[in-house]
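Reader: I would like to look at the aromatic rings in this model. Could you take me through them, please?
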Amino acid sequence: MSSDRPPKAALIVGAGQGIGLEFARQFLQANRVDRLYATYRNPQADLLAIADPRLRCLPMDITDEAQIVAVRQAIQAESPALHYVINCVGVLHEGVMQPEKSLRHLNTDQLLHYFQVNSIGAVLLAKHVQPLLKHSERAVLATISAKIGSIGDNHVGGWYGYRASKAALNMFMRSTAIEYKRTCPRAIVVTLHPGTTDTQLSKPFQRHVPPEKLFTVDRTVKQLLTVLDQLQESDSGEFFSWDGSRLPW
């Protein structure tokens, strides 16, 4: 890394496995930052096996605002600014919880859980990292969303809670982008559709996915980093697919 510039730092949220873990690996391999903060929930996370002095692993449950605050405070004690915040946390199925195929499958607790993890946690994260994005250099706040959260692209229905929570996520990030233009004018806020990626989240639903449309985590992260690298400040508040195309709301 060049020594003639201020050190760069990034935060990857949900780096314990899957896409988040691969983001952490690729950030380190490509020397994108001097300091990488990465959060995990499971104490057995593969993230903790990475031996790199630039990496600091921090436990965090995104549904607990106090834990988000604690992570921000830990970062502020070491780094005055963040240049990337990438939120990879999301839930589709968990234990007996499965996406609803019909109205008869809806229940309040499951819907609330979808929104807690997929929507509310993300906007609380945006709330608390805001001070670390108030600087004069280019910064990115990116959140993994899903094309299935596009209202305009919904032609088959079903998956009520997941769809609605991702649509809410997109709206939260759009509003965040508008506020950030005033408070963090160099920060670009986007939501990203990663494509169907071979992770635990998609595992039960891969049977009907053509092989060429099921991405490895390595490919997914490379594609998303290409999208992030090409972003302009005028792109803030938009919803991008893995190939760089804009998705309908």
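Author: Let us begin with two residues in this predicted model. Phe 27 and Tyr 84 are both buried.

Reader: How many aromatic pairs are there in the whole structure?
Author: A search of the whole structure gives 6 aromatic pairs. One of them joins Phe 27 and Tyr 84 in an edge-to-face arrangement, with 5.0 Å centre to centre and 90 degrees between the planes.

Reader: Which parts does that pair of Phe 27 and Tyr 84 tie together?
Author: Phe 27 belongs to helix α1 (residues 18-29) and Tyr 84 to strand β4 (residues 84-87), so the pair connects parts that are 57 residues apart in sequence.

Reader: And what about Tyr 114 and Tyr 162?
Author: Those two also form an edge-to-face aromatic pair, at 6.3 Å centre to centre and with 65 degrees between the planes. Tyr 114 lies in helix α3 (residues 108-129) and Tyr 162 in helix α4 (residues 160-183), 48 residues apart, and the pair thus links distant parts of the chain.

Reader: Are Tyr 114 and Tyr 162 buried or exposed?
Author: Tyr 114 and Tyr 162 are both buried.

Reader: Back to Phe 27, then. Which residues form one aromatic cluster with Phe 27?
Author: The cluster consists of Phe 23, Phe 27 and Tyr 84.

Reader: What sits over the ring of Phe 27?
Author: The charged end of Arg 32 does, 5.7 Å from the centre of that ring.

Reader: A new topic: where does Arg 219 lie?
Author: Arg 219 is placed over the face of Trp 242, at 5.9 Å from the ring centre.

Terms used: Residues are numbered from 1 along each chain as its sequence is written. This is a predicted model: local features need pLDDT of at least 70, side-chain atom pairs count only at pLDDT 80 or more; totals for chains, interfaces and linings use all residues. Side-chain values use heavy atoms; hydrogens and water are left out. Rings of Phe, Tyr and Trp (its six-membered ring) pair if their centres lie within 6.5 Å; planes under 30 degrees apart count as stacked, over 60 as edge-to-face and the rest as tilted. Helices (H or I, at least four residues) and strands (E, at least two) are DSSP runs, numbered from the N terminus. Buried means under 20% relative accessible area, exposed over 50%, partly exposed in between (1.4 Å probe, protein chains only). A charge sits over a ring if NZ of Lys or CZ of Arg is within 6 Å of the ring centre and within 35 degrees of the ring normal.
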